[in-house]
Amino acid sequence: MPGSTSVSLRRNTPQAGAGEAALAAWAQRLGQRHPRLDAAAILSAASQLEEDALQSHLDAALELAALVASMEMDTASVLAALFHGSVRHGAVAKSELPARIGAAAASLAASVIDMADTSILDLTSSRLLASEAKDQTANIRRMLVAVIDDGRVAALKLAERVVALRRAKASSEERKARIATEAMTVFVPLADRLGIWQLKWELEDLALRYLEPDAYMRIAKQLDGRRVERERRVKALVARLREAFESQGIKAAIGGRAKHIYSIWRKMRTKNIPLDEVYDAQAVRIIVGDVPACYAALGVVHSLSRPIPDELDDYIASPKENGYRSIHTAVVGAAGMAFEVQIRTEAMHRDAELGVCAHWAYKGMDPEDDYYANQVAWLRQALDAHEREGVGLAGELIDQVREQRVFVYTPQGHVLDLMAGATALDFAYRVHTEVGQRCVGARIDGVPAPLSSPLQSGQRVRILTAPDAAPQRAWLDPELGYVRTSRAMSKIRAWFYDRDQAESIAAGRSLFLAMVDGLGLPLPDPKALLDVAPTLKRPGPSGLFLALGVGEMAPLEALRLYLAANGENPAQRSLLPELASEDAPSRYRLRIEGRDREGLLRDLTETVSRFGLSMLANVAHVVPTTGAAWFDMDLELEGLYEAARIMHHLRHVPDVRQVRRLALNAA
């Protein structure tokens, strides 16, 4: 089967300065594994790098060449891989390439090098927004044109990114984050579309290692710790399958397959489950001779082990958009252990591992090859969309980007990338700190929208500002969801840290007392607050109020701790007598006062419905002469904290002035 790991590639790669004999042995091994390659030409090119004392580039060059060879690409591609880094770093001029490696390989290397200037991160930096130093439309078009002119350019670029990520371990945290994010947002979707799974999985795993190092290492350690037991169970299942297949006369190659860490992490995150519940963390792959044998093998698998409902996917009958074909099922093996099982032919497996590369290698890049033609047609369609609408890469790749990033447009048409769940206010701070600080509103696709609106890829966002506007303390409240990015949060908090401390203490006191008063509870005296301050982990009332005023503590968190402290301490229950007498759930009446407008009642009821609460009654009153409005809502709630939480959200509905809890007999 094609494909190899980064560890095995490096183990068989001579180090820089190893000498002619080591290079000769390396080239000989490469030729033996891949007989279609011209081992002599590859050795000659590698020796030139050694003779020119370009030792700093030789290690990476040999590693990239070996990876490209493992993808069953041709000799010209391997030669281009050898010289890519040296040209990129200025050690060899582009003009020298034809004489060194031939015109075909030189053209490939030059095209891949040209793509090095195309980076979605460079195109979306705030520096670009300020200076417009690059034309992102032209750069994206250059990338697509390069790929369309020769599809090998895309595969070479993807392989080059894999090697760059492998070798980034000693790089700065900033560089690792940059190239990892670029890999996930640009190159993983491209590898997926071209069906080059061998590169796709490694790009994902390496990028995750840099972007989420703690999660990556935690999963890796868990997998390693259970490896012996997992391998034993996989081996037992393989033995049972092999025996069953032999009895049915089905010839098959059967082996275990480790699920990649990124795939495990993604499933754990998406489904909010621990590693133990990721059933396909262990898998078995079955390769048979033809399509009928695939379905015969599926019958044997399901007769041998209980299938898991809704986990059968027939990508042979309905291939994926990128041409992927296989049958996926999941079964419960011995001792209740679940396994994923993949069934495919050798040709399907080659396609799954190498994508379009398999067709270049085995069909000579025949322009009549439907598989290859379909991939090029997709790229041409992306280019056509780019020409018509100026969106290009955004029109296709962004639609396929992983769930942790979203891409949105500025009014000028630039693309900004943010984490999934980022809001309009996050976008404002991503453009520029000053834009965030002076932000008063947003328009998404031309429609007014709250600053807390989560953004979706492809939206166009305009931020409205005012010269005298300033950040609001509500923006720091995680309960209200105004910001998700650490950048925006730190900028807002820094603004409040720069305010007068007395002002922040006063603001925090006002926030806290307003919540207590709104619940209809007696206002706590300073001594009572001093008594509960240790529970709040703050040095007295002033420390608590300052933490609230600068956003170090969320208002509801302070109230929750305060209510819990008073409810659990008999000596202080007189402060909150209702805690001792109310049974949950109870009926609460909330009065909401504000300025009447169209849609106000709808916004209030939608806010309540988001919490899944039962509304027992709703009475509205409007004073036509003044425009004042008030609403009495009876809700079934678990207790005072839940009442405070829904009141907190209702207070932030536009045009609401205050929300108070009333006695049930209040008129």
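1. Helices here are DSSP runs of H or I with at least four residues, strands are E runs of at least two, and both are numbered from the N terminus. E72 isn't a glycine, yet its phi is positive, near 60 degrees. E72 counts as buried because its relative accessibility is 16%; buried means under 20% relative accessible area, exposed over 50%, and partly exposed in between, with a 1.4 Å probe and protein chains only.

2. Some ground rules before going on. This is a predicted model, where local features need pLDDT of at least 70 and side-chain atom pairs count only at pLDDT 80 or more, while totals for chains, interfaces and linings use all residues. Residues are numbered from 1 along each chain as its sequence is written, and side-chain values use heavy atoms, leaving out hydrogens and water.

3. Now the overall picture. The chain has 31 helices and 15 strands. Of its 667 residues, 52% are buried. Take the contacts (heavy atoms within 4.5 Å) between residues at least 6 apart in sequence: 67% of them join residues at least 24 apart.

4. Back to backbone angles for a moment. D445 is another non-glycine residue with a positive phi, near 55 degrees. Look for D445 in the loop between strand 9 (439–444) and strand 10 (447–449).

5. How many aromatic pairs does a search of the whole structure find? There are three, where rings of Phe, Tyr and Trp (its six-membered ring) pair if their centres lie within 6.5 Å, and planes under 30 degrees apart count as stacked, over 60 as edge-to-face and the rest as tilted. One of them joins Y262 and W265: the ring centres are 5.7 Å apart and the planes sit at 40 degrees, so this pair is tilted. Both residues belong to helix 16 (residues 261–271), three residues apart, or about one turn of the helix. Y262 is buried at 2% relative accessible area, and W265 is buried at 10%.

6. W495 and F496 make an edge-to-face pair, 5.1 Å from centre to centre with 85 degrees between the planes. W495 is buried, with a relative accessible area of 19%, and F496 counts as buried at 2%.

7. Next, a helix pair. Helix 11 (residues 152–166) and helix 13 (residues 197–211) pack at about 35 degrees, their axes 10 Å apart; axes are lines fitted to C-alpha atoms over the stretch in contact, and angles run from 0 to 180 degrees between N-to-C directions. Which residues meet there? A155, L158, A159, R161, V162, L165 and R166 come from helix 11, and L199, E202, L203, L206 and Y210 from helix 13. By class, that contact has nine nonpolar residues, no polar ones and three charged ones. Here Ala, Val, Leu, Ile, Met, Phe, Trp, Tyr, Cys and Pro count as nonpolar, Asp, Glu, Lys and Arg as charged, and the others, Gly among them, as polar.

8. One last stop: A25, in helix 2 (residues 20–33). A25 is partly exposed, at 29% relative accessible area. A25 and L43 are 18 residues apart in sequence, and their C-alpha atoms are 9.2 Å apart in space.
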